[in-house]
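Please keep the sequence and the structure in view while reading.

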Amino acid sequence: MSEQAAVEAFLFREARLMDEMDYSGWLALWDKDGVYQVPIGAGGEPGKVSIVNDDYPRIEQRVARLKSGSVLAVEGARGAMRRVVSNIEILSHREDKCEVGSNFILGVARTAEQQLWIGRSVHALRRAGEDFRIARKTVFLINSERELPLLQFII
Amino acid sequence: MTDAPLAQDAVVRGSVYRDPGLFQRELERIWYRVWVYVGHESEVPKPGDFVRRQIGLQPVIMVRGNDDKVRVFYNRCRHRANLVCFAERGVAKSIVCPYHGWTYANTGELVAPTFDDGYDYDLEKERFGLTPLPRQDSYRGLVFASVAAEGQSLAEHLGGVTEFLDLFMDLSPEGEIAVDAGEQKVVYRGNWKYMPENSMEGDYHGPFIHGVAFDLYAKRTGFDVTALATDEVPDVIRSLPGGHMVEDYRGAPMDPPKRQPSAARLEYIAKLKARHGEAKAAAMLSTMAPLLYVFPNLMYVITHLRVVQPVSVDRTHSYYFPVMLKGAPAEINEARLSDHEFMFGSAGFVSPDDVEIMERNQVGMQARGDDRLYIGRGMHRERSMPDGGRSGMTRDETHLRGFWRHYVSLMEDGE
């Protein structure tokens, strides 16, 4: 399988795990020192608040909370979201790591008003045998600087 | 002025969350009348810095002029009423209307209309400056303005709530906060009044909707916030004249965290002691700073200033501005920001539980039957306080009753 095909297969699998709220499956894709961020705007400015700014222990906490069954904003969400991941490009490549850019469109139909979430993901992926692990994932929402509804799922 | 309850004070009509006519009335009777929080001076540190804000539905800008003074203007060109500032924030030597190029100094004066040889009368420039809000004032950097030309002074409006504003601002070893860490913006489908009500009664609803998050927080930091509400303590819940609400934890010390304080924490503690003396610093550090609500739109909640912004009767924006403590070690502020991201914003672990509840509340409110909400907890035991307000125990609804008494007084008087 080409590098491009392997990366695409990995991102499609991640998308399915997120859509199907398979939080444990999603967590297993991560490096143990992974960093997951959803900045406001371009991000990267120290001392500025983010939407999500998780080190690995906090990714684990996020997953534990979503799995707990007692988060109200998760109630009724099963089957209510699907995303399309596209425009997948390997942006850079170094030894066993590559940086991958992709775009997504996500529909969420949990509440009366169906939501559309659109953004770009940049993954730093590390080769792990035939598979990859996520070393870093940064999600740039096109509306990150606007008023957002609840983001109580994995994006 | 005192704030004593009446028998019907334990009841709120559902229509106040639901009726578009009452929403319009709130704009006129509340939002375009009382002092409304606009922003903090540290958001516009340099001359020319500006931020866009709203008072009710009216767009305004807060700008620091070249004379270093912070002013609040209507965000409306004096020519044909276009927005003079489109950007949410920025820096401007002069403010130029994009429509026909009318140009204003960052102190508000009209510098130049355009093609002014075409005006067939002597256009008096001094009459065409940006319109300032008729009343503007500040308290320790918190800038307030009022659409109404006449009314109470800001000091009268704030009244006893300054004691509680001081308590969180004094967490800074320099006695100054910095609102310079950006902001999270949230929208929800519900009335604006759920936000202050819900934000100030976490000890009652906390065990029901925040259990998982509080457990995770205790594991992460060693602080068990649920301990604040284990025993009900008198005078935690406070209503103040003017509709303000407070959760005052000074009588409810927390268990000290089990782990050793870091070097940064020890440095921070030493700085607070140097500034405030041993006893006051120890008291401040023994519990959480008060949660407070300044009527109608400002809150301080644990890590941040929160601004509630009505959009329509059933749609509201909420803004979360992390508060940094000037003079505190960098690690202390980094931890505050990290705690904030843990708890708040669209993807946080605590406030989304509240927002979900507010959206469900708006739906539940469509069901009539008996259209009264009941806020009677602690009615029989609430006490008058020297500041003219009332107090109750940790999970009482005393402060909600105070909020609604003030709301009703504004909505009904002058008919």
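## The interface between the chains

How much area is buried between chain B and chain A? About 2800 Å² is buried between the two chains, and carbon and sulfur atoms give 51% of that area; buried area is the accessible area (1.4 Å probe) that two parts lose on being put together, summed over both. Glu341(B), Ser346(B) and Phe349(B) supply 21% of the area that chain B buries against chain A, more than any other three residues. The contact (heavy atoms within 4.5 Å) takes 34 residues from chain B and 30 residues from chain A.

## Basis of the model

The model is predicted: local features need pLDDT of at least 70 and side-chain atom pairs count only at pLDDT 80 or more, while totals for chains, interfaces and linings use all residues. Residues are numbered from 1 along each chain as its sequence is written, chains are lettered from A and ligands numbered from 1 in the order in which they are written, and side-chain values use heavy atoms, with hydrogens and water left out.

Arg110(A) and Glu356(B) form a salt bridge through their side chains, at 2.6 Å from N to O.

Helix H10 (351–364) of chain B is one of the elements that each supply at least two residues of the side of chain B that touches chain A. Helices (H or I, at least four residues) and strands (E, at least two) are DSSP runs, numbered from the N terminus. H10(B) gives the largest share of that side, 6 residues.

## The sheet of nine strands

In chain B, 9 strands form an open antiparallel sheet in the order E13-E19-E18-E17-E16-E15-E14-E23-E22; two strands pair if DSSP finds at least two bridges between them. E13 and E22 of chain B are the edge strands, each pairing on one side only. Strands E17 (residues 298–301) and E18 (residues 304–312) of chain B run antiparallel and are joined by 4 bridges. Within this pair, Tyr300(B) stands opposite Leu305(B) in E18(B).

## The sheet of three strands

A further open antiparallel sheet in chain B has 3 strands in the order E7-E8-E9. Strands E7 (94–96) and E9 (110–112) of chain B stand at the edges with a single partner strand each, so one side of each is left without a neighbour in the sheet. Strand E8 (residues 103–105) of chain B is joined to E9(B) by 2 bridges, and Tyr104(B) stands opposite Leu110(B) in E9(B).

Definitions and conventions. Salt bridge = Lys/Arg side-chain N within 4 Å of Asp/Glu carboxyl O.
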